[in-house]
Amino acid sequence: MWHNFRMPSKSRAEHEPLVVTKNLCRTYGRIRALQNLNLSLRRGEILGLLGPNGAGKTTAIHILLGLLAATSGEASVLGLSPFKERHQIAKRVNFSSAYVQLPSNLKVMENLTLYAKLYGVPNSPSKIQELLELFEITHLRNRITGSLSAGEKTRLGLIKCLLNDPLLLLLDEPTVSLDPEMADTVRKILKRIQRERNMGILYTSHNMPEVQEMCDRILFIHQGRTITEGLPGDILKAFESQTLEQVFIKIVRSGDLISP
Amino acid sequence: MMDSLSRINAMFFRYACLHKRSLPRTLEIVFWPVMELLVWGFVTLYLQRLSDSVVFQAVVFLINAMIFWDILYRSQQGVSISFVEDIWTQNIVNLLISPLRISEWIIATFLYGLTKIIVITSVLSGIAFTFYQFNLIEKLGLYLIPLMANLLLFGWALGIVTAGLVIRWGHAVEALIWGIPFLIQPFSAIFYPLSTLPPALQLISKLLPSTYVFEGMRFVIQNRRLPLEYFLIALGLNTVYFVLAGLFFNQMYHGARASGRLGKLGMD
């Protein structure tokens, strides 16, 4: 079953793709982590990349970040190859994951200064201050990163990935360790920044209500294969479900039966 | 160019920050070298009292060798420990996706290692002078510079190889960071002259730049001059090893990228 739905209407300029993959495949020995992934992400769009653990989401993100070579197929980020032209891309892309940390033995301000320097952020002290205020952790600026709570570390990671005003943001479960109130705040901040800066975001999460709230479009993958792609409302209709969580469960429990 | 210098400066800042508030980490820079120098320095001092001027000469060689060995060891560690530090703190992916180039990262580790070596050498020289009346600068004079430069280069080449292994295989090969320098120790004629080794092992020794540095160091102490060929052979070998180490690292890095290991560093 392959659902390919309409794109949300945007101006032509905004439709210039930030990310395009064509028949992207990655195997690890006999394991097919990714099979013919076709996705596109435009400026101003949030694309939810969903799937159960081991579906191939991290593999796809690693290929787009230039950390991993594809076995076959094509990937393009900002019109360039992430594997061959990583350095040209790196200044305009950023990434945050619940599973990647900033050095725990540095202070919050030291970490942010380090990354501001690495990304060549102009006027970095005021930029850092602005983001610290936005994520409500200004009071933590002189704290050792290792002493922060999981939620505070998550917010710090998000600040790091917004330092360079990226055109494209890859967020791997960005709110996983936040309490519901803070997760809501963070989602609102991300959404606001994304709109203001016309940023493209590739978003992975297992929190389906969050995905429904955040994402303009969704791509479900399972066992490395694309199961369905489209607007959240259209996917709900196609799967005759009330929530994305129900869709998620249907897809995972159906296994191969639901594959294209 | 300015962007590149700024990123190198950023990484140096990152490593320097580690020492700002961690006394144990800062003391660790000099702790082991100082302990070794104290123990072996006093042992050699004792031997000197028991015997004649030949032993006195050996004492001078040994103290010098200990300081020089530490330069080699710490320069290798400066590069490899810096890499592993970012694996331990699960920060490596953040660095690998940033505009930081691997070459800039390695240069930053060189500078960080060099700073540590200046501290270590100063402290050890001070201790040697205080307790054993041994003046490193007086013994070696300006020859200290070419000798130390060759040791640094070789240590860095070894560091690049170790860092390559760590990038490719992660935690599994961390023990090699501390082990690799000891692989070359018996063949580098550090604590004894090259002629002490059996002829077959001398062939291995002659392929190591460190051998010419330690032989050169003894020659300077005895003859107040450094044979140019010692310096040039060491420099030539270092150039070859530096290029080979760079190629090896590149191979390891691309291997890790191809296998998917790069994105998983620090998560196993």
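1. In this predicted model, helix H7 of chain B passes helix H10 of chain B in a left-handed crossing. H7(B) covers residues 144-169 and H10(B) covers residues 209-223. Their axes lie 9 Å apart and pack at an angle of about 160°. Angles over 145 degrees count as roughly antiparallel, and H7(B) and H10(B) are therefore roughly antiparallel to each other.

2. The residues that form this helix contact can be named on both sides. H7(B) contributes B:Leu147, B:Asn150, B:Leu151 and B:Phe154, while H10(B) contributes B:Pro209, B:Ser210, B:Val213, B:Gly216 and B:Met217. By class, the residues of the contact of H7(B) with H10(B) comprise 6 nonpolar, 3 polar and no charged.

3. The crossing in which H3(A) passes H5(A) is right-handed.

4. On the H3(A) side, the contact with H5(A) is made by A:Val108, A:Asn111, A:Leu112 and A:Tyr115. On the H5(A) side, A:Leu156, A:Ile159 and A:Lys160 take part. The residues of this contact divide into 5 nonpolar, 1 polar and 1 charged.

5. The contact between the chains draws 25 residues from chain A and 27 residues from chain B. On the side of chain A that touches chain B, helix H2 (86-90) and H3 each supply at least two residues. H3(A) gives the most to that side, with 5 residues. The side of chain A that touches chain B is made up of 16 nonpolar, 6 polar and 3 charged residues.

6. Strand S7 of chain A, residues 168-172, is mostly covered, with 5 of its 5 residues buried. Both faces of S7(A) are covered. A:Leu168, A:Leu170 and A:Asp172 are buried on one side, and A:Leu169 and A:Leu171 are buried on the other.

7. S7(A) has pairing partners in strands S6(A) and S8(A). Strand S6 (residues 93-97) of chain A and S7(A) pair in the parallel sense over 5 bridges, and A:Leu169 in S7(A) is the bridge partner of A:Asn94. S7(A) also pairs with S8(A) (residues 200-204) in the parallel sense, over 5 bridges. Here A:Thr204 in S8(A) is the bridge partner of A:Asp172.

8. Strand S4 of chain A, residues 46-50, is likewise mostly covered, and 5 of its 5 residues are buried. The buried residues of S4(A) are A:Ile46, A:Gly48 and A:Leu50 on one side and A:Leu47 and A:Leu49 on the other, so that both faces are covered.

9. S4(A) and S8(A) run parallel and are joined by 3 bridges. The bridge partner of A:Leu47 in S8(A) is A:Leu202. S4(A) also runs parallel to strand S9 (residues 217-222) of chain A, to which 4 bridges join it. In S9(A), A:Leu219 is the bridge partner of A:Leu49.

10. Helix H1 of chain A, residues 57-64, is mostly covered, with 8 of its 8 residues buried. Among them are A:Lys57, A:Thr58, A:Thr59 and A:His62, together with A:Ala60, A:Ile61, A:Ile63 and A:Leu64. A:Gly66, which follows H1(A), has a positive phi near 80°.

Technical notes. Residues are numbered from 1 along each chain as its sequence is written. Chains are lettered from A and ligands numbered from 1 in the order in which they are written. This is a predicted model: local features need pLDDT of at least 70, side-chain atom pairs count only at pLDDT 80 or more; totals for chains, interfaces and linings use all residues. A crossing is left-handed if the near helix is turned anticlockwise from the far one by less than a right angle, and right-handed if clockwise. Two residues are in contact if their C-beta atoms, placed from the backbone, lie within 7 Å. Ala, Val, Leu, Ile, Met, Phe, Trp, Tyr, Cys and Pro count as nonpolar, Asp, Glu, Lys and Arg as charged, and the others, Gly among them, as polar. A residue is buried if 20 or more other C-beta atoms lie within 10 Å of its own, exposed if 12 or fewer, and partly exposed in between; C-beta atoms are placed from the backbone. Two strands pair if DSSP finds at least two bridges between them. Axes are lines fitted to C-alpha atoms, for helices over the stretch in contact, and angles run from 0 to 180 degrees between N-to-C directions. Angles under 35 degrees count as roughly parallel, over 145 as roughly antiparallel, 65 to 115 as roughly perpendicular and the rest as oblique.
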